[in-house]
Amino acid sequence: MLIWSTLSTIFSCVLFVHAAPPPAAKKGISTLTPAEVTKFKPYSFYASTAYCEPSKTRSWNCGFNCKANPGFRPIASGGDGALVQYWYVGYDPALQTTIVAYQGTKPTKIVPILTNIKLTLDSLDSFLFPGISRFVKIHNGFGEAQDRHSVLAAVKTAFAEYGTKKVTLVGHSLGGAIALISSIYLKLHLPAGTVVETITYGMPRVGNQAFADYPTSSNFASRIANGVLRRRKDLVPIIPGRRLGFRHPKGERHIQSSGSWTVCPGQDDTRSQCTRGSVPSIHAGSVKDIAVCFMRQFPTPT
């Protein structure tokens, strides 16, 4: 169906994953091999699937997005797509990881869009995030959205049923922001030794410098898959602005106009091959320039 084709191309655009800290010296930009790019394929479809209604993700019957990951075993899903973003949890036996996916923003859902424009930085809730410094702050709208989701019980069910200790969180746009915050939350509430991986697409800046640095300082970033990917000219990843105190974490993977994927080291790399360099201001980007990029590299399941 056309709507799912459109949604799938949206998710091809920008992806964030926390990575282990690089050496102090600034690294050069490198290019991913086709094989390395292909590894993102299942997660791209999982992020796209988060736009499906909970009844469809719970039964794993949502068209070609679900067909792309036929072995997925759903456990729980929820949300209404307006006040609460759709979400689902399940297990992928091929990847040997629990998947947690969050819906992003859609033009027809005004409440999530309004959530995105609350531009204040708040400390993380000390009850949900025990032991986290009050100086670690996030966009208050993202924090409120994350508070509405309770996936911990479903993840624990997956761990018990399938004997896994790995969880991968995915999401696009607002869903990516929720996934990033939730990755910290789950790490605090799951058993020691749990591997947490976060892959997000088209994610806006989520928090302040202390938040961007947190995965490094907490020493669990080394367990998280390497990289972040952002679509060239996509406006969303450069907002909220740095002048407002927002920062991205390390580990960008940037899709070039040629279709190649480059590794951009550091936080908000200013070189032209990276998002901040290619989209230096909101006037240089567009919310419409995210529709054609990554998913076209992968065959559509039949």
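These notes walk through the structure point by point, from the overall layout to single residues.

1. **What you are looking at.** This is a predicted model, where local features need pLDDT of at least 70 and side-chain atom pairs count only at pLDDT 80 or more, while totals for chains, interfaces and linings use all residues. Residues are numbered from 1 along each chain as its sequence is written, and side-chain values use heavy atoms, with hydrogens and water left out.

2. **The overall layout.** The chain has 11 helices and 12 strands; these are DSSP runs numbered from the N terminus, with helices being H or I of at least four residues and strands being E of at least two. Of the 302 residues, 54% are buried. Here buried means under 20% relative accessible area, exposed means over 50%, and partly exposed is in between, with a 1.4 Å probe and protein chains only. Among contacts with a separation of 6 or more, 72% are between residues 24 or more positions apart; a contact means heavy atoms within 4.5 Å.

3. **The main core.** Start with the largest nonpolar core, which has 36 residues; Val155, Val167, Leu186 and Val206 touch the most other members. A nonpolar core is a set of buried Ala, Val, Leu, Ile, Met, Phe, Trp, Tyr and Cys residues joined through side-chain atoms within 4.5 Å. At least two residues each come from strands E3 (73-78), E4 (87-92), E5 (97-102) and E8 (166-172), and from helices H8 (152-162), H9 (174-189) and H10 (209-217). The largest share, 9 residues, is from H9. Apart from this core lies another, of 21 residues, including Val37, Tyr43, Phe72 and Ile199. As background, nonpolar side chains in soluble globular proteins tend to be buried together.

4. **A closer look at H9.** Helix H9 is largely enclosed by the rest of the structure, because 14 of its 16 residues are buried. Its length checks out too: at 1.5 Å a residue the 16 residues should span 22 Å, and the end C-alpha atoms are 22 Å apart (the expected span is 1.5 Å times one less than the number of residues). What does Leu186 contact once neighbours within four places in sequence are set aside? The partners are Val151, Leu152, Val155, Val167 and Leu169.

5. **The salt bridge.** The count is 1 salt bridge, defined as a side-chain nitrogen of Lys or Arg within 4 Å of a carboxyl oxygen of Asp or Glu. The partners are Glu197 and Lys166, at 4.0 Å from N to O. Glu197 sits in strand E9 (residues 195-201) and Lys166 in strand E8, so the pair ties together parts 31 residues apart in sequence. Glu197 is buried at 8% relative accessibility, whereas Lys166 is partly exposed at 24%.

6. **The disulfides.** There are 2 disulfides, each a pair of cysteine sulfur atoms within 2.5 Å. Cys62 is joined to Cys66, with 1.8 Å from S to S; the torsion about that S-S bond is about 90 degrees, so the link is right-handed. Cys264 and Cys274 form a disulfide with sulfur atoms 2.1 Å apart, and this link is left-handed, at -100 degrees about the S-S bond. Cys264 lies in strand E12 (residues 261-264) and Cys274 in the loop between E12 and H11, 10 residues apart. Both Cys62 and Cys66 are buried, as are Cys264 and Cys274.

7. **A cysteine left out.** Cys52 is buried, with a relative accessible area of 1%.

8. Most residues other than glycine have a negative phi. Gln96, in the loop between E4 and E5, has a positive phi of about 55 degrees. Ser173, in the loop between E8 and H9, has a positive phi near 60 degrees. Gln96 is exposed at 55% relative accessible area, but Ser173 is buried at 6%.
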